[in-house]
Amino acid sequence: MNLTGMPDMTDTTMRAVRLHSYGPPENLVLEVVPRPTPREGEVLVRVHAVGVNPFDWKLRKGLIQGLARFTPPLTLGVDLAGVVEEVGPGVVDLQPGQAVYGGGNATYAEYAISRPGDLAPKPEKLTFEQAAAVPTGARTAWSALITAAELRSGQTLLVHGAAGGVGIYAVQLGKWRGARVVGTASSSNVDFVRSLGADTAIDYRSTAFESVVSEVDVVLDTIGGETQARSWQVLRPGGILVTTVGRPDEEQARQRGVRASTVPREAVGAVMRQISALIDSGDVVPVVQRVFALEEVAAAHALSETGHGRGRIVLRVRG
């Protein structure tokens with residue numbers, strides 16, 4: 001044992017954040033565990049930074065037990081940025097030493113398993129912390145707007161939660177696509193949303209968006225509940241509402257002559273390569289709300305759970 005009370009590290013172990021039971025952020029504990037070994041078709045990534053997603057704290061609290069199986073102890077995390085450490089048999093398109101970002105399994109750790117199809121080369125202009133802030137938010141926005149809604153130039157896009165981890169990319173993708181972008185946010189984030197490229201930013205606390213917006217082609221709903229219920233009336237006939245939370249009200253959509261969709265699932269790596277090109281061109285810029293050390297994971301979750309801030313919270317695994 002070392003002075004921190006944790007077992008000494010070896011070449012076959014690593015530090016990982018583990019959850020033994022549902023509950024508050026303090027239930028996340030940093031432990032020394034065996035380092036995984038990549039099997040056929042898998043990649044072992046030496047993790048440098050991890051994105052903290054709302055899905056993570058919802059899983060920690062037991063709010064989505066029907067969507068995700070929990071067999072304790074569990075290591076959370078689906079986003080990562082790091083360097084390929086080792087490849088399993090059959091992997092030919094990635095090599096050890098290559099800097100990558102994208103999706104993985106149990107990424108709140110010093111090493112994580114991924115698959116080549118879930119990774120893309122990390123844009124050289126990004127730090128690992130910036131890169132870790134991209135995957136879930138950017139690919140969710142891409143799949144919602146480009147794949148599901150087929151957003152086109154000249155259309156009007158309304159983004160709810162425009163300063164959040166998905167919203168920041170939705171605003172930027174909307175402008176890149178040539179749409180007129182309207183974003184809702186708190187008063188403290190209105191100017192920030194405009195800086196992302198939104199043509200109009202609405203303080204949702206002081207202004208009912210439906211009183212100032214109409215004939216919208218695409219609504220991206222990252223809030224759900226009452227916000228989603230009020231959004232149907234601003235859509236033009238034939239418009240579409242895409243939601244990232246739950247399932248949309250299909251009956252409401254039918255009655256109003258509009259469409260409804262959840263975010264389609266797509267190959268992570270393929271979408272990340274599209275996003276990388278936009279990062280390289282300057283059309284998409286990641287936003288990091290705050291960086292925490294891996295051992296500060298409880299504080300990171302507590303902040304994420306507030307639902308406030310700009311962009312993505314990141315855990316730094318390696319300096």
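## Asn53 and its polar partner

A polar contact here is a pair of N or O atoms within 3.5 Å, where one must be able to donate a hydrogen and the other to accept it. With that in hand, look at Asn53 in this predicted model: its side chain and that of Asp79 are joined by a polar contact of 3.1 Å. Asn53 sits in the loop between strand E3 (43-52) and H1.

Is Asn53 buried or exposed? Its relative accessible area is 3%, and buried means under 20%, so Asn53 counts as buried. Setting aside neighbours within four places in sequence, Asn53 touches Val78, Asp79, Thr136, Ser304 and Arg312.

Thr107 belongs to the loop between strand E5 (99-103) and strand E6 (111-114). With a relative accessible area of 0%, Thr107 is buried. Once neighbours within four places in sequence are left out, its contacts are Val47, Val50, Leu76, Gly77, Val78, Asp79, Leu80 and Ala112. Val78 and Asp79 are on that list, and they are also among the contacts of Asn53.

Ala106 is in the E5–E6 loop too. Its phi is near 50°, a positive value in a residue other than glycine. Ala106 has a relative accessible area of 31%, which makes it partly exposed.

On the H1 side the contact uses Pro54, Asp56, Trp57, Arg60 and Lys61, while H9 brings His301, Ser304 and Glu305. Sorted by class, the contact has two nonpolar, two polar and four charged residues. Ser304 of H9 is also one of the residues that Asn53 touches.

Now for H3 (residues 135-148) and H8 (residues 268-281), whose axes come within 10 Å and cross at roughly 95°. H3 is therefore roughly perpendicular to H8. Which residues of H3 and H8 meet? From H3 come Pro135, Ala138, Arg139, Trp142 and Ser143, and from H8 come Val268, Val271, Met272, Gln274, Ile275 and Leu278.

## The parallel sheet

Six strands make up an open sheet with parallel pairing, in the order E10-E9-E8-E11-E12-E13. At the edges you'll find strand E10 (200-203) and strand E13 (259-262). Each has a single partner strand, so one side of each is left without a neighbour in the sheet. From one strand to the next, the twist averages 15°.

Zoom in on strand E8 (residues 156-160) and strand E9 (residues 180-185), which pair in the parallel sense over five bridges. Leu158 stands opposite Val182 in E9. Helix H4 (residues 167-177) packs on the sheet and touches E8, E9 and strand E11 (216-221). The direction of H4 makes about 170° with that of E8. Back on the strand pair, His160 has Thr184 in E9 as its bridge partner. As for burial, five of the six residues of E9 are buried, so E9 is largely enclosed by the rest of the structure.

A couple of backbone details are worth a click in the viewer. Pro73 is in the loop between H1 and strand E4 (79-87).

The other is Glu215, which has a positive phi of about 55° although it is not a glycine. Glu215 lies in the loop between E10 and E11. Is Glu215 buried or exposed? At 51% relative accessibility, Glu215 counts as exposed, because the cut-off for that class is over 50%.

Notes:
Residues are numbered from 1 along each chain as its sequence is written. This is a predicted model: local features need pLDDT of at least 70, side-chain atom pairs count only at pLDDT 80 or more; totals for chains, interfaces and linings use all residues. Side-chain values use heavy atoms; hydrogens and water are left out. Axes are lines fitted to C-alpha atoms, for helices over the stretch in contact, and angles run from 0 to 180 degrees between N-to-C directions. Helices (H or I, at least four residues) and strands (E, at least two) are DSSP runs, numbered from the N terminus. Angles under 35 degrees count as roughly parallel, over 145 as roughly antiparallel, 65 to 115 as roughly perpendicular and the rest as oblique. Contact means heavy atoms within 4.5 Å. Ala, Val, Leu, Ile, Met, Phe, Trp, Tyr, Cys and Pro count as nonpolar, Asp, Glu, Lys and Arg as charged, and the others, Gly among them, as polar. Buried means under 20% relative accessible area, exposed over 50%, partly exposed in between (1.4 Å probe, protein chains only). Two strands pair if DSSP finds at least two bridges between them.
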